[in-house]
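Student: I've never looked at this one before. Could you walk me through it?

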Amino acid sequence: MNQDNDPMPRLPLPADSLRLLPWATPDGKPCFLRTDDTTSVLSRLADLLETAQTTSGTEVLAGAKAVLADRTAGSRELRFALVRMTEALADVLRVAESRAGRLPPPAPDRNDGPRLPAEAFG
């Protein structure tokens with residue numbers, strides 16, 4: 001996929017930054033990539049896997065909603081849906097953590113727009 005058709009904008013990364021990859025070692029430890037090239041083969045592979053994981057999460061959510069809506073669903077169906085949901089949630093949280101780690105820090109004097117009133121927080 002070329003940059004023009006890419007739905008995720010690429011931010012330049014500092015050379016010393018680490019990207020959390022969407023996979024782990026066989027013993028479950030996180031994998032990281034150190035690069036400032038967001039178009040490298042490994043960066044693009046990670047992007048593709050993150051896209052697949054978030055797409056899968058959307059599909060798993062739809063399936064879980066269908067199981068929950070089915071009043072005749074038994075414990076096996078509910079357990080399967082819950083297992084898949086926890087897997088999908090773990091993947092999506094990892095993608096969110098990785099992407100958050102690649103965002104530039106906010107400027108301290110930046111005005112992010114209107115603020116919610118304090119009473120909105122209860």
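Predicted model: local features only at pLDDT ≥ 70, side-chain atom pairs only at ≥ 80, totals over all residues.

Here is a chat that goes through the model piece by piece.

Student: In what pattern do the helices and strands follow along the sequence?
Tutor: Start with the inventory: the protein chain has 2 helices and 2 strands. Reading along the sequence then gives the order, β-β-α-α.

Student: How do S1 and S2 pair, and over how many bridges?
Tutor: S1 covers residues 18-24, and S2 covers residues 30-34. Arg 19 faces Leu 33 of S2, while Ala 24 sits opposite Pro 30. The sense of the pairing is antiparallel, and the number of bridges is 4.

Student: Which residue in that hairpin takes a positive phi?
Tutor: Look at the stretch linking S1 to S2, where 5 residues lie between the strands. One with a phi near 90 degrees is Gly 28.

Student: Which residues of S2 are on its covered face?
Tutor: Side chains in a regular strand alternate between the two faces of the sheet. In S2, the uncovered face has Pro 30, Phe 32 and Arg 34. That leaves the covered face with Cys 31 and Leu 33.

Student: On to the helices: how are H1 and H2 oriented relative to each other?
Tutor: H1 spans residues 41-69, and its axis is 9 Å from that of H2. The packing angle is about 150 degrees. Angles over 145 degrees count as roughly antiparallel, so H1 relative to H2 is roughly antiparallel.

Student: Is Val 60 buried or exposed?
Tutor: Val 60 is part of helix H1. Its relative accessibility is 11%. Buried means under 20%, so Val 60 counts as buried.

Student: Which residues does Val 60 contact, leaving aside its neighbours within four places in sequence?
Tutor: One of them is Met 85, 25 residues away in sequence, yet with C-alpha atoms 6.3 Å apart in space. With those sequence neighbours set aside, the contacts of Val 60 are Arg 84, Met 85 and Ala 88.

Student: What does the side chain of Arg 102 reach?
Tutor: Arg 102 lies in the segment after H2, which covers residues 75-101. With 12% relative accessibility, Arg 102 counts as buried. At 3.2 Å, its side chain reaches the backbone oxygen of Ser 98.

Student: How far apart are the C-alpha atoms of Ala 100 and Leu 20?
Tutor: Ala 100 is in helix H2 and, at 47% relative accessibility, counts as partly exposed. Along the chain, Ala 100 and Leu 20 are 80 residues apart.

Student: Last one: what share of the protein chain's residues count as buried?
Tutor: Take the contacts between residues at least 6 apart in sequence: 56% of these join residues at least 24 apart. As for burial, the protein chain has 122 residues, and the share that count as buried is 24%.

Terms used: Residues numbered from 1 in each chain as written. Heavy atoms only, no water. Buried < 20%, exposed > 50% of the residue type's maximum accessible area, 1.4 Å probe, protein only. Polar contact = N/O pair within 3.5 Å; in protein donor to acceptor, adjacent residues only side chain to side chain. Pairing = 2+ DSSP bridges. Axes fitted to C-alpha atoms, helices over the stretch in contact; angles between N-to-C directions. Parallel < 35°, antiparallel > 145°, perpendicular 65-115°, else oblique. Contact = heavy atoms within 4.5 Å.
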